[in-house]
Amino acid sequence: MLRFFTVFLLFSLIVSCKNSAISDIKNGDLLFVTAKETGLSGAINNVTQKQKNASFDHIGILEKNRDGVFVLHAAPKGGSQKQNLKEFLKDQADEGQKVIVYRLKPQYQNAIPGALEKANSMLGKPYNFNYILNENSYYCSDFIERAFRKDTVFKLEPMTFIDPETGKTNAFWQEFYQKKNLKVPEGEPGCNPNGLAASDKLERIKELK
C-alpha cells in the first residue's frame with residue numbers, strides 16, 4: 001500500500017509540474033524556436049543573429065481558449081496553421097530544438113486580442129519559401145509582424161544576407177536564390193525571428209518544456 005501511494009505521489013508531482021508549466025504561459029505569448037547550426041536554420045541565424053543568448057529560426061504566437069492551447073504560426077510544413085501546443089513542442093523536440101517564451105511588456109498587452117484575431121484570419125495561406133514579402137503567402141516572422149501590424153508592435157527592416165565574418169553574401173543564400181532564378185533580396189523590407197526577439201517591447205520569460 002505504501003509503495004502504491006509513493007508511486008501515486010510521484011505521478012501527481014509530475015503532472016502538477018507539467019500543468020504548472022502550461023499555466024505559466026499566457027494568451028499572446030510569443031514562442032521562439034532555437035536555431036540549428038547548419039542548413040536553412042543555420043543560414044538564417046548566420047545573417048540575422050543580434051544577441052548572444054538569442055539564436056532563433058522560427059516563431060509562433062500562443063492562443064489559449066476553451067478548446068485548448070494552440071500555437072498560430074507559418075511553417076514550411078502546413079503553411080499558416082493553428083497547431084496544438086503539445087504537438088508543436090514535440091515537433092521542435094524531435095528536431096533537437098528548444099522553445100523560448102517571450103512576452104509583450106504590460107504597456108503593449110492591449111495589442112494581443114487584435115493580433116490573435118488577425119492571426120486567425122491568415123490561417124490557411126501557404127508558406128512563403130522565397131522570403132520576399134507578398135500578400136499570398138507568409139513566412140514565420142512575417143506572419144507575426146502582420147498580426148501585430150495594426151498596433152505597430154514590430155517593424156519591417158531592410159533584409160541582409162551578408163555573412164558578418166566575410167562581409168560577402170552568405171554562400172547558402174547565394175545558391176538558394178540562384179536556384180530559384182531570383183536576385184538575392186538584399187535591402188528589401190522584411191523581418192526575422194532574431195530581429196523580433198531583440199525588440200525592447202518584449203521580455204524573455206523562460207524555456208518551455
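**Notebook: confidence, cores and backbone**

Entry 1. For the chain as a whole, I noted a mean pLDDT of 88, with 80% of its residues at 70 or more. Where pLDDT is low, the predicted coordinates should not be read in detail.

Entry 2. I then turned to the nonpolar cores. The largest one has 38 residues, and L30, F32, I61, I144 and F148 have the most contacts inside it. I listed the elements that give two or more residues to this core; among them are strand 1 (30-34), strand 2 (56-65), helix 4 (112-121) and helix 5 (140-147). Apart from this core lies another, of twelve residues, including L31, V33, L89 and V99.

Entry 3. Which residues does I144 touch, not counting those up to four places away in sequence? I found L30, I59, G60, I61, L72, F154 and L196.

Entry 4. I checked phi in residues other than glycine. T152 has a positive phi of about 45 degrees. T152 lies in the loop between helix 5 and strand 6 (157-158), and T152 is exposed, with a relative accessible area of 52%. N181 also has a positive phi, near 60 degrees. I located N181 in the loop between helix 6 and strand 7 (189-190). With a relative accessible area of 71%, N181 is exposed.

Methods:
Residues numbered from 1 in each chain as written. Predicted model: local features only at pLDDT ≥ 70, side-chain atom pairs only at ≥ 80, totals over all residues. Heavy atoms only, no water. Core = buried A, V, L, I, M, F, W, Y, C linked by side-chain atoms within 4.5 Å. Buried < 20%, exposed > 50% of the residue type's maximum accessible area, 1.4 Å probe, protein only. Helix = DSSP H or I, 4+ residues; strand = E, 2+ residues; numbered from the N terminus. Contact = heavy atoms within 4.5 Å. pLDDT = per-residue confidence, 0-100.
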